[in-house]
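Let's take a friendly walk through a two-chain model, with the structure open beside the text.

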Amino acid sequence: MSEQTQDTVGTAPAADADPPEPVEQERLTEDAVEAAAAERAEKLSTAPRTDDGIAVPSLGALGMLRWTWRQLTSMRIALVLLFMLSLAAIPGSILPQNSIDPSKVTTFYQSHTKWAPILNDLRLFDVFESPWFGAIYGLLFISLIGCIVPRSWAHFKAMRANPPAAPRNLKRLPVHASFSTTAEADEVLKLAAKRLRGRRFKTVRGEDRAGGWVSSEKGFLRETGNLLFHLSLIGILIGIAIGHFLGYKGAVLVTEGTGFSDTVTSYDSLTLGPWVGAQDLPDFSFTLNKFSATYQESGDQFAQPRTFDAYVSFKSSPSAKARNEDVQVNSPMTINGTNVFLEGHGYSPVVEVKNGKGDVLFDGPVTFLGQDEYFDSSGAIKAPSNVKNGTDLGFQGWFLPTAYISSGAMPASIFPAAQNPMLILSAYSGNLNMNGGEDQSVYSLDTTDMKQLNVKSKSASASAGNALELKVGQTATLPNELGSITFVGVKQWAQFNIAYDPGQKVVLPSAVLAVLGLIGSLGLRRRRIWVRVTEQADGTRLVEVAGLARTEGATPTAEVTQTAQSLAAAVRQPVPDGAPA
Amino acid sequence: MSINENFAHYSNLFIALALVGYAAAFFAYCGEWAFGTSSRFGKSVEKVGTAAEGVKLGKQAAAPKVEAVNAVDGGNGVTVLTRAVAEEEEPTIAGDNLRAEIVGRFAVMATFIGFAFHAAGVLFRGLAAHRVPWANMYEFSCAAALAMSFAYLVLLVLRKKVRWMGLPVTGIVLLTLGIAYTLLYTDAEELVPALHSYWLYIHVTAAVISTGAFGVATVATILYLLKSANEEGGLRRFNSTFDRLPSSVALDRTAYRVIAFIFPLWTFAIMAGAVWAEKAWGRYWGWDPKETWSFIVWVVYAAYLHARATHGWKGKAAAYVALIAFACVLFNYFGVNTLLTGKHSYAGL
């Protein structure tokens, strides 16, 4: 078919060309040409409009316009909303957030007294719960639904519809292969249809003035994947909502040797979903038997933690048998669908406080909060007198797990493990105001009605100031026969997060489907292949195969070439009817 | 398990040697670009697309802007016509300059050598610490740079004409590895408890590969913007250099394909991270700064994919979106790790 070839070389327009001739225009990029070819093919393909339900539901001209408008706008709006969503998320990562760490928000308030209230009014400390953030993703999902629902319907119809009729001039398509044969047109077309069907193309045959044709299409899974992905996003959103309404999360701090039972009062903090009541909390309980931590002891990652183990015994219900479990950071304990996670840890020095008469006012572990990587921990010890108008005793200061005392500097911890524990405490007497109306922090003293005692001892390091220094086993006597304090020992505490999120059962499968849909949507190609047989003047038949990608840059060159080659080979040595193609 | 100090030492040595290899490659690529400039890219471009022993029957002058129709004998008397095959007949950076070609080949060789040391460095780091070698910022940087040069070399081995990527890729790898080696270095050590999970292998591996691939896509995007500016008549001083780059269409397509290929993996990386977060922290999503910025990166790349399918956003506008997206990737890595505090801060950054 060399003369046929020569004709086309140099992009000479074919005789039956369509009016616009983009091929002749200079400086057209390949993309534009391909797009133009695609457009032409689309035009041709939609000529018998009922045949093609892919792009246009048959709604008439007005309906079509409206549909086009909606398509365009929703995509643009979606784009704008995507940008807005990403911009809106930025302050949530830069400013402290109440949902992540409320104490940081408080600190921010103290250091930015002028700006903080304004930022708060803009809900910039609760970005991800704010109405404006919600509005953006709400609109985005409305836009998504508005786009996806009609597209799903169109896609459903497209999958049921036949591929469009073959364009008249197949040479105009991005890839085209041809050969001549003496075989009958019907035989060639039958074979072509069979081959294409065998390669899972959706195939249809037809005839027009120019001759018979086969039209085929493949790659519907691309759009299926696209739709699946977007629908899965809705699934994720629903799952998040379920978790919000039906889930709960709480935090609890447990010291070695003490326990926790799942009732509202035993939580340090608890957030119940709007549809969850206190009676819905499961009635499990557990005791922290021992907490152990190991740390790097040398090198440039000195003091980095290496292992955390919280050894607990738990009961899934009050009547159940206790079972032992080792809770680690990445291995939570699961009790009837509720998960218990190890979140943090610290030290609880055990102290005994006596009054001047020798009565024990307080005896037990006191939770101190670690402030840095060496666990310099701050806290307060409160020993109320327990008698009316009695003298309360209070202490506040530091617990150092591995104290190092150098002259001229504040004693400080130099390692996170309790290798040389020490308490450094200021002592107070007076009224702790513990019976007052307001809630007190357990980590600090209200010293308004208290008087600091002069406890400076000769042995204590000068830099510690007016404070007691106690090692394990040591007792300090307070002045004026007010009493004494003994550093009995060291316990550790662990903080557990307790979470129940039924929405996960929806979120995870949706997420998996979203990834699968995305792979299909971005990895598969949708393309059409046409075969056309025309009678030639010399009595032979010209067989043309041409292809068009409906996906950018996916011209099915190899497929068209192979189809033409195998077809040419087959019609020269015809296979018996019924043999596998 | 204790750290194998010898292996850790070898690892550092190999990374240093990799730096030397990449530096040699980088300078050689520079030479290729420089020498290639002295030869105008000629009119005849060999190689036509589809069939193996294709006979080129006709083609217009080589300027890629003009549409070409190629006819090839496809065997069995089949004639195949292909339009728009510009990306398969790209010029080369060396042009037809012999010196440039020799230096370019040396550059490829040096890249392979640098890569071999690089891979050995990462491997020995893992052997030294008995774990995946991407658990802190130093290791993550080394691994992401490795993923990037690996992607480039795979394309080369597959005989794709991507030597034009050599200069920017080795440049970025050199920069990343250099920053890692000098600023981010930390000794090979065991993991903090938060990382004691097989999700480290899944989540971080996906993130490493995605980061490297987004880097490659960014190289193609930047070159696309420069090339299309040149095609529109800008940057005339560098005409001879731009002539030897692939067409803007091909560059844009390369960027798109890489992003389209890697976006599902990035999605997976975030989701794997969410599954891990659920297991470690009791919630699958908590707007931790790293989570927030990963989400931002995801949304901006999603915007890029939508932009390419939207009239008026195709081409340059979409390319700028891709650049913004990569800026977010960089901030998510350097900015979030060093400036913001969150749950993703681990030993040695």
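## A phenylalanine and its core

Leaving out residues up to four places away in sequence, A:F286 touches A:V254, A:G259, A:F260, A:V312, A:S313, A:F314, A:M333, A:V340, A:F496 and A:I498. Contact here means heavy atoms within 4.5 Å. The model is predicted, so local features need a pLDDT of at least 70 and side-chain atom pairs count only at pLDDT 80 or more, while totals for chains, interfaces and linings use all residues. Residues are numbered from 1 along each chain as its sequence is written, chains are lettered from A and ligands numbered from 1 in the order in which they are written, and side-chain values use heavy atoms, with hydrogens and water left out.

A:F286 belongs to the largest nonpolar core, which has 189 residues; A:F286, A:F395, A:I485 and A:F496 touch the most other members. A nonpolar core is a set of buried Ala, Val, Leu, Ile, Met, Phe, Trp, Tyr and Cys residues joined through side-chain atoms within 4.5 Å. Buried means under 20% relative accessible area, exposed means over 50%, and partly exposed is in between (1.4 Å probe, protein chains only). Helix 7 of chain B supplies the largest share of this core, 18 residues. A second, separate core has 25 residues, including A:V188, A:L191, A:L196 and A:V571.

## The two chains

Chain A holds ten helices and 24 strands. Helices (H or I, at least four residues) and strands (E, at least two) are DSSP runs, numbered from the N terminus. Of the 581 residues in chain A, 49% are buried. Among its contacts between residues at least 6 apart in sequence, 64% join residues at least 24 apart.

Chain B has nine helices and two strands, arranged along the sequence as α-β-β-α-α-α-α-α-α-α-α. Of its 349 residues, 61% are buried. Among contacts in chain B between residues at least 6 apart in sequence, 76% join residues at least 24 apart.

## Confidence in chain A

The mean pLDDT of chain A is 81, and 84% of the residues score at least 70. pLDDT is the predictor's confidence in each residue, from 0 to 100. In chain A, confidence is highest in helix 9 (residues 504-523), with a mean of 94, and lowest in helix 1 (residues 2-8), with a mean of 32.

Two stretches call for care. Residues 1-54 of chain A have a pLDDT below 50, and this stretch has 82 contacts in the model beyond near neighbours in sequence. Residues 573-581 of chain A also have a pLDDT below 50, with eight contacts beyond near neighbours in sequence. Where pLDDT is low, the predicted coordinates should not be read in detail.

## Space inside the model

How many cavities of 30 Å³ or more are there? The count is eight, and the largest cavity holds about 640 Å³ of space. On a 1 Å grid over the protein atoms alone, a cavity is a set of points where a 1.4 Å probe fits but cannot get out, and lining residues have an atom within 4 Å of a point. Grid points are joined across faces, edges and corners, and a volume is the space filled by probe spheres set on the points.

The largest cavity is lined by 33 residues, and B:F140, B:H203, B:V204, B:K290 and B:H344 lie nearest its centre. Elements of chain B that give two or more residues to this lining are helix 3 (137-157), helix 5 (199-231), helix 7 (248-281), helix 8 (289-308) and helix 9 (316-338). Helix 7 of chain B gives the most, with nine residues. The lining of the largest cavity divides into 23 nonpolar, eight polar and two charged residues. In this tally, Ala, Val, Leu, Ile, Met, Phe, Trp, Tyr, Cys and Pro count as nonpolar, Asp, Glu, Lys and Arg as charged, and the others, Gly among them, as polar.

## Two buried residues of chain B

B:W287 sits in the loop between helix 7 and helix 8 of chain B and is buried, with a relative accessible area of 16%. Apart from neighbours within four places in sequence, B:W287 is in contact with A:I100, A:F128, A:F133, B:T292 and B:F295.

B:S210 is part of helix 5 of chain B and is buried at a relative accessible area of 0%. Not counting residues up to four places away in sequence, B:S210 touches B:I262, B:L265 and B:W266.

Technical notes
On a 1 Å grid over the protein atoms alone, a cavity is a set of points where a 1.4 Å probe fits but cannot get out, and a pocket is an open set with protein on both sides within 12 Å along at least five of seven lines; lining residues have an atom within 4 Å of a point.
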